[in-house]
Amino acid sequence: MTWQATALTLFPAMFPGTLGQSLAGRALERGIWSMEARDMRDYGLGRHRVVDDTPFGGGAGMVMRPDVVAAAIAGIERAGRPLVYPTPRGRPLAQADIRRYAAGPGVVVLCGRYEGVDERVLEASGAEQVSIGDYILSGGEVAATVLLDACVRLLPGVMGSGESAVEESFADGLLEYPLYTKPAQWDGRDVPEVLLSGHHAAIAKWRHAASETVTQARRPDLWAAYQARTGQDTPRIA
Ligand code: SAM
């Protein structure tokens with residue numbers, strides 16, 4: 001069955017965008033997933049199809065109206081798909097969320113613009129609010145593209161046998177080990193000896209230790225969770 005992505009947006013021409021290329025683009029052509037962008041302007045009010053208004057309480061910028069956004073949501077066939085609203089105010093989007101979305105029938109992504117969307121329609125629609133990082137984008141379309149790209153590559157048949165989601169960063173709660181390819185010597189720098197040994201158990205051990213080391217150095221949050229789960233206090237020596 002085709003995995004269905006719908007974006008509710010004021011800029012439908014931004015889709016599929018980069019998702020029409022490479023891995024996701026080929027999967028789109030093969031019908032593994034489908035992409036529909038719905039223009040929320042179609043639900044705008046009056047001759048000028050207004051979708052936003054000034055914030056109650058004052059302040060800069062505009063807010064997307066709840067009646068317009070609700071009509072746009074009502075206009076689509078959800079068919080059991082979660083409604084996701086990317087926003088810097090959301091919980092951090094994680095690979096576990098991506099796995100859950102990819103395992104379902106698809107997602108509907110509500111792309112905010114201006115200062116964001118009226119809170120009441122987010123509550124009423126039960127939208128999941130997720131952030132793709134601690135910075136501010138100009139709109140939700142790029143965040144939606146990030147979310148959809150991450151989902152699509154996990155769909156059955158999208159990644160070839162040469163690519164694998166098993167050993168990637170976050171698969172086991174750690175960042176990935178460093179990667180090397182030919183030439184074995186470059187710019188006076190050697191590839192770690194063990195990787196040339198052909199000794200699979202030693203390579204696996206080295207990679208796991210390297211994953212632990214980089215995770216401790218770069219992501220104390222992931223390292224703390226890993227420690228709590230495994231009881232390990234320091235990284236193994238690579
Ligand atoms: N006023 C909002 C705030 O301070 O939280 C920022 C609004 S931003 C200019 C416009 C839209 O871009 C948001 O409604 C959201 O849909 C999207 N957006 C911006 N940054 C994002 C992020 N880090 N993660 C997910 N979506 C984001």
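Gln-4 stands opposite Gly-106 in strand β6. This is a predicted model: local features need pLDDT of at least 70, side-chain atom pairs count only at pLDDT 80 or more, and totals for chains, interfaces and linings use all residues. Residues are numbered from 1 along each chain as its sequence is written.

**Strand β1 and its partners**

Five bridges join β1 to β6 (residues 106–110), and the two run parallel. Strands count as paired if DSSP finds at least two bridges between them. β1 also pairs with β2 (residues 33–39), again in the parallel sense, over seven bridges. In that pairing, Ala-5 has Met-35 of β2 as its bridge partner. From β1 the chain crosses through helix α1 (residues 22–29) to β2, and this β-α-β crossover is right-handed. Right-handed here means that, with the strands pointing away from the viewer, the path from the first strand over the helix to the second runs clockwise.

Why is β1 largely enclosed by the rest of the structure? Six of the seven residues of β1 (residues 3–9) are buried. A residue is buried if 20 or more other C-beta atoms lie within 10 Å of its own, exposed if 12 or fewer, and partly exposed in between, with C-beta atoms placed from the backbone.

**The chain overall**

The chain has seven helices and nine strands. Both are DSSP runs numbered from the N terminus: helices are H or I of at least four residues, strands E of at least two. Buried residues make up 29% of the 238 residues. The C-alpha trace spans about 70 × 45 × 35 Å along its principal axes.

**Around the ligand**

The shell around the ligand has eight nonpolar, eight polar and three charged residues. Asp, Glu, Lys and Arg count as charged; Ala, Val, Leu, Ile, Met, Phe, Trp, Tyr, Cys and Pro as nonpolar; the others, Gly among them, as polar. Of the 19 residues there, Pro-86, Gly-112, Leu-137, Gly-140 and Ala-143 come nearest. β5 (83–92) and α5 (140–152) each supply at least two shell residues. β5 gives the most, with four.

The UniProt annotation "binding site", from an unreviewed entry, covers Gly-112, Ile-132, Gly-133, Asp-134, Tyr-135, Ile-136 and Leu-137. Such annotations may be inferred rather than shown by experiment. Two of these residues are set out below.

Note on methods. A residue is near a molecule or strand if its C-beta atom, placed from the backbone, lies within 6 Å of it.
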